[in-house]
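This report goes through one protein model, starting from a single residue and its contacts and ending with the overall fold. Sequence and coordinates are shown first.

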Amino acid sequence: MTLNLPDLSWSLRRNLYVAPDCENATPVDKDEILASGLLGEFRRNHGWDEWAHDPRYTNEHWRMESVFLRARDMAIAEAAGNA
């Protein structure tokens, strides 16, 4: 679920909030989310944008390649009836 934050700075407006239950619509409280410190957490933890040169946060998305390949192979096998 995307939280539209028009009254905040440009930096905060480009954040995406995904509720723990990503399968269903979830009511959100802007002030509660802002107070939680979760906005921007994904970007920070993966070394994007302003954290790109901070050695504490490294972008390791390349590690997901094998996960995506396994998921693809599983989907192909399931579609072929070999699951």
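R43 lies in helix α3, which covers residues 41–45; helices here are DSSP runs of H or I with at least four residues, strands are runs of E with at least two, and both are numbered from the N terminus. The model is predicted, and local features need pLDDT of at least 70, side-chain atom pairs count only at pLDDT 80 or more, while totals for chains, interfaces and linings use all residues. Residues are numbered from 1 along each chain as its sequence is written, and side-chain values use heavy atoms, with hydrogens and water left out.

R43 is buried, because its relative accessible area is 10%. The term buried means under 20% relative accessible area, exposed means over 50%, and partly exposed is in between, with a 1.4 Å probe and protein chains only. The side chains of R43 and D49 are joined by a polar contact of 2.8 Å. A polar contact is a pair of N or O atoms within 3.5 Å; within protein, one must be able to donate a hydrogen and the other to accept it, and residues adjacent in sequence count only if both atoms are side-chain atoms.

## Salt bridges

How many salt bridges does the structure hold? There are four, where a salt bridge is a side-chain nitrogen of Lys or Arg within 4 Å of a carboxyl oxygen of Asp or Glu. Side chains of opposite charge can pair when their charged atoms come close. R43 bridges to E50, with the closest N and O atoms 2.9 Å apart. E50 has a relative accessible area of 44%, so E50 is partly exposed.

Another of the bridges links D73 and R72, whose closest N and O atoms are 3.0 Å apart. D73 is partly exposed at 41% relative accessible area, and R72 is partly exposed at 45%. Salt bridges that share partners join R43, D49 and E50 into one network.

D54 is placed in the loop between α3 and α4. Is D54 buried or exposed? D54 counts as buried, because its relative accessibility is 17%. R56 counts as exposed, at 63% relative accessibility.

The side chains of D54 and R56 make a polar contact of 2.6 Å. The two residues also form a salt bridge, in which the closest N and O atoms are 2.6 Å apart.

## The aromatic pair

One aromatic pair is found in a search of the whole structure. The ring centres of F42 and W48 are 5.4 Å apart and the ring planes are at 75°, so the pair is edge-to-face. Rings of Phe, Tyr and Trp (its six-membered ring) pair if their centres lie within 6.5 Å; planes under 30 degrees apart count as stacked, over 60 as edge-to-face and the rest as tilted.

F42 counts as partly exposed, at 48% relative accessibility. W48 also counts as partly exposed, at 31% relative accessibility.

## A nonpolar surface patch

M64, V67 and F68 make a nonpolar surface patch of about 260 Å². Patches are made of residues with over 30% relative accessible area and no salt bridge; like charges are joined within 9 Å, and nonpolar side chains (Val, Leu, Ile, Met, Phe, Trp, Tyr) within 5 Å. Accessible areas come from the Shrake-Rupley method with a 1.4 Å probe, and for residues only the protein chains shown count as cover.

M64 lies in the loop between α3 and α4, the latter being residues 65–79. With 32% relative accessibility, M64 counts as partly exposed.

## Helices and overall fold

The protein has four helices and zero strands, in the pattern α-α-α-α along the sequence. Helix α4 has 15 residues and reaches 21 Å from its first C-alpha to its last, close to the 21 Å expected at 1.5 Å a residue. The expected span is 1.5 Å times one less than the number of residues in the helix. Just after α4, G81 takes a positive phi of about 80°.

Of the 83 residues of the protein, 17% count as buried. A19 is in the loop between α1 (10–13) and α2 (30–36), and A19 counts as buried because its relative accessibility is 5%. A19 and I33 are 14 residues apart along the chain, and their C-alpha atoms are separated by 9.9 Å.
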